[in-house]
Amino acid sequence: MAAAATHAPRWAAMARDTNETKIQLAINLDGGTFPPDTDSRLLSEDAAHASQNSKSQTIAVNTGIGFLDHMLHALAKHAGWSLAINCVGDLHIDDHHTAEDVCIALGYAFAKALGAPTGLARFGYAYAPLDEALSRAVIDLSNRPYSVVDLGLKREWLGKLSCEMVPHCLQSFAQGARVTLHVHCLHGDNDHHRAESAFKALAIAVRQATSRVAGKEGEVPSTKGTLTA
């Protein structure tokens, strides 16, 4: 009997430091452990505001913005990632730099972990409800950063995250990850539910797009023959 195929880990660890934010991040797209070069500060239980450990995933997120932690926790959980993020940002100014930079860094790390997009589904789409709210997300691992996001949020704030930053976080992730992304909340009365259903829909779509396709190993899912140029 032939041995089961083994795959290189799809993981990445990185730091992104600017005058506005100091970010450490580690991700494993398939759950499980983090890369050997993961910053030890990320693995401290005291550092995480949104954390969850299971036999398949480790999630520990602390951006300094509770609602953003909640959204990234939901994204990682339903995408099947192990994810650790720590950010110290200039929250004395406002939430913009922290939310934007964290999601750009997450996009960078996602792209680095994914590597050459061969043998993958490439496209993913999903609907996710949260009570009365329903959102749809569609993603293409295109290397063409573009996003259309319409969540229809009406409040000014969700916790300490301004509602204008919720779609901007998704746009920033698409920019860093170099993906094409369309996310729409189709209906819902509660802005918390609208936002969370959007992140959950994205998570499921990402999981689908990054899934390996049996028999397509090494093949580029593009008529161009490349997704890297």
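A salt bridge here is a side-chain nitrogen of Lys or Arg within 4 Å of a carboxyl oxygen of Asp or Glu. The model is predicted. In it, Asp140 forms such a bridge with Arg122, with the closest N and O atoms 2.6 Å apart. Asp140 sits in strand S7, and Arg122 sits in the loop between helix H2 (96-114) and S6, so the pair ties together parts that are 18 residues apart in sequence. Both partners are buried.

The phi of Arg122 is near 75 degrees, a positive value in a residue other than glycine. Asn143 also has a positive phi, near 60 degrees, and is likewise a residue other than glycine. Asn143 belongs to the loop between S7 and S8.

Now take the sheet that contains S7. Four strands make up this open sheet, in the order S6-S7-S11-S8. The pairing is mixed. Strand S6 (123-130) and strand S8 (146-150) form the edges, each pairing on one side only. On average, neighbouring strands of this sheet are turned by 10 degrees against each other, direction ignored. Within the sheet, strand S7 (residues 133-140) runs antiparallel to strand S11 (residues 180-187), and the two pair over seven bridges. Ile139 has Leu181 in S11 as its bridge partner.

Two helices go with these strands. Helix H3 (residues 165-177) packs on the sheet and touches S8 and S11. The direction of H3 makes about 165 degrees with that of S8. Helix H4 (residues 191-209) lies across S6, S7 and S11. H4 runs at about 150 degrees to S6.

Ring pairs link Trp81, Phe110 and Phe173. The structure holds two aromatic pairs. The rings of Trp81 and Phe110 have centres 6.0 Å apart and planes at 45 degrees, so this pair is tilted. Trp81 lies in the loop between helix H1 (66-79) and strand S5 (82-89), while Phe110 lies in helix H2, so the pair ties together parts that are 29 residues apart in sequence. Trp81 and Phe110 are both buried. Phe110 also pairs with Phe173, and this pair is edge-to-face: 5.6 Å centre to centre, with 65 degrees between the planes. It links distant parts of the chain, with Phe110 in helix H2 and Phe173 in helix H3, 63 residues apart. Phe110 has a relative accessible area of 1%. Phe173 has 3%. Buried means under 20%, so Phe110 is buried at its 1%, and Phe173 is buried at its 3%.

Back to the charged pairs. The count comes to five salt bridges. One of them joins Asp30 to Arg10, with the closest N and O atoms 2.7 Å apart. This pair links distant parts of the chain. Asp30 is in the loop between strand S2 (21-28) and strand S3 (50-53), and Arg10 is in the segment before strand S1 (11-17), 20 residues apart. Asp30 has 41% relative accessibility, so Asp30 counts as partly exposed. Arg10 has 8%, so Arg10 counts as buried.

Another salt bridge joins Lys216 and Glu219, with the closest N and O atoms 3.9 Å apart. Lys216 is partly exposed, at 41% relative accessibility. Glu219 is partly exposed too, with a relative accessible area of 39%.

How values were computed
Residues are numbered from 1 along each chain as its sequence is written. This is a predicted model: local features need pLDDT of at least 70, side-chain atom pairs count only at pLDDT 80 or more; totals for chains, interfaces and linings use all residues. Side-chain values use heavy atoms; hydrogens and water are left out. Two strands pair if DSSP finds at least two bridges between them. Axes are lines fitted to C-alpha atoms, for helices over the stretch in contact, and angles run from 0 to 180 degrees between N-to-C directions. Contact means heavy atoms within 4.5 Å. Buried means under 20% relative accessible area, exposed over 50%, partly exposed in between (1.4 Å probe, protein chains only). Rings of Phe, Tyr and Trp (its six-membered ring) pair if their centres lie within 6.5 Å; planes under 30 degrees apart count as stacked, over 60 as edge-to-face and the rest as tilted.
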